[in-house]
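Hi,

Here is the structure I said I would pass on.

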Amino acid sequence: MKAIKKILILCMLFITGCRYQNNMSISNIYTNEDIDEAITCVKTYFKDNYGGCTLIDTYYVGDSYEEEFKEYALIYDVDEAIIISYYLKQTNWEQMVH
């Protein structure tokens, strides 16, 4: 796994109309370990911050977003960025409001 000093994980929320993609997308930019680590971060963040929702799916958006990865890394002043999309189901509105 390549060394990453800082990584920014950007989550794009798709509540409806989410297209399915396999979590293990082949990437020429990131290793499967990098993608798995980013997905684990998303799942942990979701568990800690999204009470009242059920996480349905997570996936790496693909290498076609490489320019966006670079742009977000510059915006947030980090070495790298990876975009993980997730699909959730809202189950309890009251729990979602912090």
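Let me start with Lys70, which forms a salt bridge with Glu67, the closest N and O atoms being 3.8 Å apart. Bear in mind that this is a predicted model. Both residues belong to helix H2, where they sit 3 residues apart, about one turn of the helix. Glu66 and Lys70 are 4 residues apart in H2, so about one helical turn separates them.

Put together, Glu66, Glu67 and Lys70 are linked in a network of salt bridges, and the structure holds 2 salt bridges. As for cover, Glu67 is exposed, with a relative accessible area of 52%. Glu66 is partly exposed at 33%, and Lys70 is partly exposed at 44%.

Tyr76 lies in the loop between H2 and E3 and counts as partly exposed, at 48% relative accessibility.

Asp77 is found in that loop as well, between helix H2 (66-75) and strand E3 (80-90). Have a look at its backbone: Asp77 has a positive phi of about 55 degrees although it is not a glycine. Asp77 is exposed, with a relative accessible area of 62%.

E3 runs antiparallel to strand E2 (residues 53-60), and 7 bridges join the two. If you want a place to start tracing the pairing, Cys53 stands opposite Gln90 in E3.

Last, helix H1 (residues 32-49). Its 18 residues reach 26 Å from the first C-alpha to the last, close to the 26 Å expected at 1.5 Å a residue. The buried residues of H1 are Asp34, Ile35, Ala38, Ile39, Val42 and Phe46. Seen down the helix axis, they fall within an arc of 130 degrees, so they line one face of H1. On the face turned away from that buried side, H1 carries the exposed residues Lys47 and Asp48.

Cheers

How values were computed:
Residues are numbered from 1 along each chain as its sequence is written. This is a predicted model: local features need pLDDT of at least 70, side-chain atom pairs count only at pLDDT 80 or more; totals for chains, interfaces and linings use all residues. Side-chain values use heavy atoms; hydrogens and water are left out. The expected span of a helix is 1.5 Å times one less than its number of residues. Buried means under 20% relative accessible area, exposed over 50%, partly exposed in between (1.4 Å probe, protein chains only). The arc is that of the directions from the helix axis to the C-beta atoms. Two strands pair if DSSP finds at least two bridges between them. A salt bridge is a side-chain nitrogen of Lys or Arg within 4 Å of a carboxyl oxygen of Asp or Glu.
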